[in-house]
Structures are given as C-alpha cells and as structure tokens.
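Here is a short briefing on strands and salt bridges. Have the sequence and the model ready as you read.

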Amino acid sequence: MRSAAVHEWLVNYAGSERVLEQIINCFPTSDLFSVVDFLSDEERNFVQGKSATTTFIQKLPFAKTKYRQYLPLMPLATEQLDLSGYDVILSSSHAVAKGVLTGPDQLHICYVHSPIRYAWDLQHQYLQESGLTRGLKSVLARMILHYMRLWDLRTANGVDYFIANSEFIARRIWKVYRREATVIYPPVDVEAFTFCEKKQDYYLAASRLVPYKKMDLIVQAFAAMPDKKLVVVGDGPDMAKVTAAAGANVEVLGYQSFAKLKELMQGAAAFVFAAEEDFGITPVEAQACGTPVIAFGKGGALETVRSVGQHSRPTGVFFDRQTPASIVDAVTRFEAQRHAIRPEYCRENAMRFSVAEFCRQYTSFVQECFERSGKEGVNFQRAA
C-alpha cells in the first residue's frame with residue numbers, strides 16, 4: 001500500500017510537528033506533502049530527511065517568512081496536491097491539511113489538532129488581538145474567515161476517519177463538522193524529563209509570552225503573594241507586559257535552553273499554567289519530572305492533570321477563572337493539599353502520554369480503519 005503524510009507547513013519543530021514525526025516513524029515509507037517546506041537540511045531529521053512535495057505558495061514572494069499571510073490561498077493550494085497515486089492519506093491538520101482531494105477508493109485518516117481556531121469559535125478573539133475589529137481590513141478579514149469556514153466544513157466530507165488530540169477537540173470536531181472522532185493524545189517525550197522527588201520553594205511558569213497564554217495574569221497573582229517566589233521562562237510579544245507586572249518575588253528569565261528548563265521543572269514546587277489549550281504539552285512535561293500542576297480548569301488540562309478531590313492519585317489543582325484572584329486561590333489550596341500530591345503520581349500520569357503509547361494507539365487505529373474499509377487482507381508497511 002502506498003501512503004502519503006500531509007502536513008500544513010514545514011517551517012519549524014513544534015507541537016504538531018511532533019505528531020507528524022511519529023506518524024512518519026510509524027509509517028516510514030510515506031511520502032511527504034505540505035503547503036510549504038522551508039526546513040533546512042539540519043532541521044529535517046524529524047521527518048527522516050524527507051523533502052515535501054509543496055504547492056505554488058512555496059514560490060510566492062516572501063513565503064519563507066510571511067507564509068501565514070497567504071492563508072486565503074491555502075485552500076486552493078492544498079487542493080492542487082496530487083495524491084491520486086496513494087492508497088492511504090495520513091493528514092495532520094490544524095488549518096488546511098485535511099482538505100486534500102481524495103477518491104472513493106482512497107482511505108483518508110486525519111489527525112486533528114483543532115478545526116481552524118481563528119475561523120470558528122475563536123474568530124472574535126483573533127480579530128481583537130489582531131486589531132481587526134473595525135474598518136475595511138476588518139470587513140475583508142471577516143469575509144475571508146467566512147469563506148474559510150465554508151471550505152473547512154465542505155472538506156470534512158473528504159475525511160474517512162477523524163482522530164482528535166483530546167476529548168476537548170473531539171467535542172469541537174463534533175460541534176463544527178458533526179463527525180465523531182477517536183481520541184489519541186499527542187506524543188510527549190516524557191523520557192527526556194528526569195524524575196525528581198526533591199522540590200524547592202519556587203513556582204514555575206514557562207511558555208511563549210503571547211496573549212492567550214495569560215502569563216501576565218500569573219505574574220500579577222504572584223505580585224499579590226510577595227512571600228512566594230515565581231520563576232518565569234519564555235519570550236515573546238508580551239515580555240514588556242510580563243516584566244512590568246513582576247514584583248521583587250518574580251524572576252523573569254526570558255528564553256532558556258532545554259537543559260535549564262528541565263532543571264527548573266524538576267525543582268519547582270508546582271508548575272502554573274493559565275492557558276486554555278487544546279491539549280497542552282508543558283503540564284505533561286512538568287508531571288514527567290514529578291512536579292504538580294496548578295492549571296486553568298478548561299480545555300486539555302482537564303484531561304492531563306488529575307485534580308485533588310477527584311482522583312485517588314492526584315497530580316494538581318485547577319482554578320476556574322483566568323484572573324489573578326483565582327490563581328491566588330488555587331495556590332493557597334495547593335499548599336493546603338500538597339501532601340496528597342506525590343511526585344510518583346505525577347510521573348505515573350505523564351507516562352500515559354508517551355511516544356510509545358501514541359505509536360501503539362495510532363498504528364492500531366490505522367490498521368482498524370483498513371479492516372473497516374474491507375482491506376484486511378492487505379499488508380501495510382510500518383515500523384517494526
């Protein structure tokens with residue numbers, strides 16, 4: 001059987017690329033397709049050195065750095081990828097990858113990180129954060145997003161089986177497409193994080209400093225708790241806002257190496273996470289170090305963190321609003337109940353999201369889809 005792996009764009013190695021990496025590890029003979037591919041030779045290891053077949057956007061002016069600005073052209077570009085010679089298409093999609101054209105004898109299995117967030121329920125937040133709430137640019141942006149919604153809904157019919165990266169995203173898939181999705185959590189390299197039982201007296205927050213991560217709220221909360229120390233790791237557009245809100249008990253380190261981040265995660269009393277994420281990798285990485293998590297109780301965190309009072313082997317506590325006061329309350333509750341949260345519980349929970357577990361579930365699901373499609377007698381090459 002010939003297989004094709006389809007991804008949105010190949011420009012760096014982030015969360016969705018980790019999923020693509022393991023899809024290719026599971027099915028190494030797959031050919032690779034993407035809207036654009038600007039990986040350097042040194043960065044291409046995670047796709048086993050493969051180069052992607054790309055679209056006309058690859059050759060448009062400034063595409064290497066401004067590829068996102070060609071979003072209105074991406075539906076057309078994606079439909080020009082010729083996959084007619086493949087028996088199975090394995091797409092990894094958070095925007096347009098699921099929209100490739102397939103025939104009735106082809107099997108299309110789509111791993112969805114999210115339906116296009118900024119075109120559906122997060123449209124108003126996107127327009128506000130982009131300064132597109134008024135004027136002609138706002139009208140044009142709304143028209144483009146309306147078109148993207150129509151296209152996104154139509155192309156859902158070309159997918160035979162959906163995989164969601166969390167129950168939260170499965171609900172979003174049902175809301176948008178009215179399609180059931182099987183949940184397979186994304187792979188987290190938990191083995192790269194060393195378990196540590198001994199904790200120190202600081203709290204840790206680590207993330208890109210962008211608005212939806214709400215890092216400024218965490219800093220404001222700790223400014224109201226001057227007896228508690230917070231270490232902040234990360235860089236981004238909100239750096240000035242975060243730095244301005246920091247008190248003497250908050251240390252803003254900016255970007256740090258992986259080795260330093262891991263060291264800080266190992267020693268932290270707890271990892272504080274205020275974003276509403278589709279899944280959220282960093283809380284799992286913190287738990288892999290044996291570190292509890294204090295998280296906003298919405299989105300993927302509800303599936304990756306086991307709350308005190310709701311589980312016999314808890315790994316953290318939740319707060320119910322994205323406000324400094326709610327975070328302060330959660331830290332207070334955590335300190336009163338931290339005796340119930342053991343480092344080994346955290347590590348044990350994190351192992352549910354390992355790379356090995358993802359590969360086991362993903363390959364089994366693909367084989368099951370073949371059998372449902374009447375192809376049970378066909379051998380499909382995959383990694384041993």
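A residue is buried at under 20% relative accessible area, exposed at over 50%, and partly exposed in between (1.4 Å probe, protein chains only). Both Asp37 and Arg44 are buried. This model is predicted: local features need pLDDT of at least 70, side-chain atom pairs count only at pLDDT 80 or more, and totals for chains, interfaces and linings use all residues. Residues are numbered from 1 along each chain as its sequence is written, and side-chain values use heavy atoms, without hydrogens and water.

**Strands and helix**

- Helices (H or I, at least four residues) and strands (E, at least two) are DSSP runs, numbered from the N terminus.
- Strand β2 spans residues 31-37, and six of its seven residues are buried.
- Strand β1 (residues 3-10) pairs with β2 in the parallel sense over six bridges; pairing takes at least two DSSP bridges.
- In this pairing, His7 stands opposite Ser34 of β2.

**Salt bridges**

- A salt bridge puts a side-chain nitrogen of Lys or Arg within 4 Å of a carboxyl oxygen of Asp or Glu.
- The whole structure holds 21 salt bridges.
- Asp37 and Arg44 form one of them, at 2.8 Å, N to O.
- Arg117 and Asp278 form another, at 2.5 Å, N to O. This pair links distant parts of the chain, 161 residues apart.
- Arg117 is partly exposed, at 29% relative accessible area, whereas Asp278 is buried, at 7%.
- Arg117, Asp121, Arg172 and Asp278 are linked in a salt-bridge network.
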